Amino acid sequence: MRKKLGRMLLAGALAMSLLFTACNGGKAPAGGGTSGTPAPAPAASGTIKVGVVNNPPSESGYREANVKDMEAVFSPENGYELKTAYSLKNDEQLQAAQGFITEGVDYLLISAAETTGWDEVLKNAQEAGIKVYLFDRMIDVDESLYEAAVVSDMSAEGDTAVQWLLDQNLPEYNVVHIQGAMGSDAQIGRTGALDAQFASGKMNKVVQQTATWDEAEAKKIVESVINSGEEFNVIYAENDGMAKGAVAALDEHGIKHGVDGDVIVMGFDCNKWALRELLAGNWNYDGQCSPFQAQIISDLIQGKTTASSKKIINEEKGFDAKTITQDDIDTYGLGE
Amino acid sequence: MKNNFKNIFKNGLGQLTIPIIAILLLVIFNLIRDPSFFRITIEIDNAGNRVLAGNLISIINAASELAILAMGMTLVTAASGGQDISVGAAAAIAGSAFVKVLKSGGNINGLIVLLAFVVAVIVAMCFGAFNGTLVSIFKIQPMIATLILFTCGRSIAYWINGGATPTVDSSIVKAIGGFIPGCPIPTPVLIVIAMAIIFKLVFHFTSLELFTQSVGINGSAAKLNGINSTWIKLLSFIILGACVAVAGCIGVSRLGLINHETLLIDIEMDTILAVAIGGNSLGGGKFKMAGSIIGAYVIHILTVTLYAMKVPSTDVKAYKAIVIIILVVIGSPVIKKWFAKTAARIKNKKASAPMKGAQ
């Protein structure tokens with residue numbers, strides 16, 4: 001019985017290896033061709049082959065929308081052939097990128113798990129005449145190795161939000177600040193603008209704690225502030241989930257929040273459910289962190305726009321509960 | 001008098017000494033720091049209910065999931081001599097299943113919530129049985145066996161719903177995670193009490209407690225005495241599965257949202273800690289569930305104290321660790337023995353030999 005199983009496994013392995021060599025054989029002329037000749041001519045000759053190396057959609061609501069956006073824009077209808085590889089691990093991403101180079105894609109789009117270790121792969125891509133675009137995250141390499149990077153500016157998100165808060169002209173600002181995981185891009189960017197206000201004395205820091213993106217922890221932090229009896233009139237949570245946790249604590253203690261409430265509630269990420277809270281007037285502000293980079297890259301590829309610099313900042317909005325519409329939710333909301 | 005001192009460190013009551021002293025110390029510390037720390041007030045929440053509020057309520061309420069998981073973990077620890085490190089991931093799966101069923105129908109009514117809860121319990125018990133099978137039948141170290149689910153659990157939770165943070169908006173779900181209209185006590189606290197009573201009744205009317213302890217002390221001896229030790233170990237994991245489902249559903253109901261990445265994150269370590277603070281041997285054998293439950297509250301008093309003291313967010317875990325090291329060292333056999341000896345010496349200078357019983 002065991003022998004039989006072993007033989008079957010062996011046969012299977014053989015068949016698989018044959019299959020793979022066959023594939024490689026088929027692809028080999030294409031690969032060899034591209035490395036010899038300069039950049040493959042895209043657009044004109046049928047479909048454009050795009051290889052996307054990304055983090056898996058399960059990472060976050062942001063990533064889920066990001067992946068869907070890529071699939072929608074780089075579709076066969078738009079003249080693209082899309083290949084994707086998802087991993088949270090840098091080495092797996094590097095392998096996938098190398099795989100795409102060997103397969104011979106025309107463009108390589110990367111949202112890297114880590115900023116380091118990409119030099120060699122990007123050099124290989126350049127030699128093979130493959131153009132590289134970075135999206136969402138920067139990589140620590142020489143600028144000449146990629147065409148452009150379409151990224152979010154997290155500190156701009158913080159600036160927009162804090163500017164909105166200043167525009168509310170409150171007589172005084174007593175802020176409960178709930179931070180994301182310390183050291184993450186989003187936390188650093190969204191904390192910076194508020195920290196500047198604390199430092200200048202314009203706003204008063206009631207408490208500043210990290211809930212590491214955990215909704216339940218955010219609730220505990222706000223509860224402890226309420227129990228201490230300290231006055232506050234602003235909750236600045238660095239993502240929607242933590243804002244929801246904070247609001248749950250307010251609700252349980254009978255504190256009115258949102259439009260016409262006693263406490264201003266601010267969140268980030270623009271999940272659809274969060275924007276609906278805005279529309280209902282339960283929250284006041286939600287800052288966008290746009291996952292929609294595909295169209296910008298597609299326009300660059302097709303030559304509809306040209307990049308003035310290598311770093312392209314994706315424009316992001318902030319939504320006010322008083323002006324948000326259902327259309328905004330449908331267009332900019334993430335998830336369901 | 002001499003016997004009393006010996007007994008404090010020898011029998012079951014002695015096991016609870018450390019966690020009770022820990023609670024008392026934290027309470028006294030807080031009362032000195034801020035005499036109004038444990039004040040309880042009655043407030044009217046935004047839904048118009050009269051509810052209890054204050055730090056004490058926050059602590060007891062927030063510790064609910066941990067207390068429930070600690071109950072199940074105590075059994076697993078006692079029977080298998082190891083710990084299940086997948087409870088957080090399994091709770092994310094149970095919570096996702098709960099939300100999946102809730103969102104499958106149109107209107108969320110009591111019947112659907114009940115169905116969703118039953119599905120969550122069944123799902124979590126299946127995963128518990130999976131862990132239990134690896135441990136009891138395949139004799140894999142519990143921490144290694146549960147490492148599998150610890151690693152992949154949150155991905156499975158993602159597959160169930162697809163979206164990253166599905167939300168449910170229902171007054172019934174809110175009541176489970178918050179307050180039942182007309183009742184000033186947070187519902188999760190009531191659920192903890194109910195679970196504790198269920199365990200008490202089970203221990204009273206069945207031999208589960210005795211069998212679990214004997215399997216934990218010596219599995220082969222238990223087997224020779226006609227106890228099916230494989231089944232007892234498996235059963236402990238299945239019971240923990242049920243606890244996991246209850247905790248997961250409470251966690252989801254608190255906010256009406258499931259985030260598979262953050263739901264009850266890192267709770268497995270706190271759960272094991274609660275069992276340890278409760279004075280239970282992590283090597284299995286004799287156990288006291290009450291100790292683990294008190295341990296869970298100790299951990300949360302500590303957390304809330306640190307928040308109230310506005311300890312910088314980056315330092316909270318370090319301070320927590322310091323207190324826990326002190327607790328665990330005080331509870332260690334070496335220190336216990338030393339305490340017993342010293343106490344005996346003071347009480348009775350002649351009695352240095354009988355202190356062997358204090359081990």
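Predicted model: local features only at pLDDT ≥ 70, side-chain atom pairs only at ≥ 80, totals over all residues.

Modeller: Residues are numbered from 1 along each chain as its sequence is written, and chains are lettered from A and ligands numbered from 1 in the order in which they are written.

Colleague: How many residues of chain B are in contact with chain A?

Modeller: The size of an interface is often given as the accessible area lost when the parts come together. Here contacts are counted instead (C-beta atoms, placed from the backbone, within 7 Å): 31 residues of chain B are in contact with 32 residues of chain A. Among the elements of chain B that give two or more residues to this side are helix 7 (142-161) and helix 12 (229-255); helices are DSSP runs of H or I, at least four residues, numbered from the N terminus.

Colleague: Where is the kink in helix 7 of chain B centred?

Modeller: The kink, of about 45 degrees, is centred on B:Cys152; the bend is the angle between axes fitted to the seven residues ending at a residue and the seven starting there. After helix 7 of chain B comes B:Gly162, with a positive phi near 80 degrees.

Colleague: Which residues of helix 7 of chain B are buried?

Modeller: An α-helix has 3.6 residues a turn, so residues three or four places apart point the same way. A residue is buried if 20 or more other C-beta atoms, placed from the backbone, lie within 10 Å of its own. The buried residues of helix 7 of chain B are B:Pro142, B:Ala145, B:Thr146, B:Leu149, B:Gly153, B:Arg154, B:Ala157 and B:Tyr158. Their cover includes helix 5 (87-104) of chain B.

Colleague: Why is helix 5 of chain B described as largely enclosed by the rest of the structure?

Modeller: Because 15 of its 18 residues are buried.

Note on methods
Contact = placed C-beta atoms within 7 Å. Buried ≥ 20, exposed ≤ 12 C-beta atoms within 10 Å, placed from the backbone.
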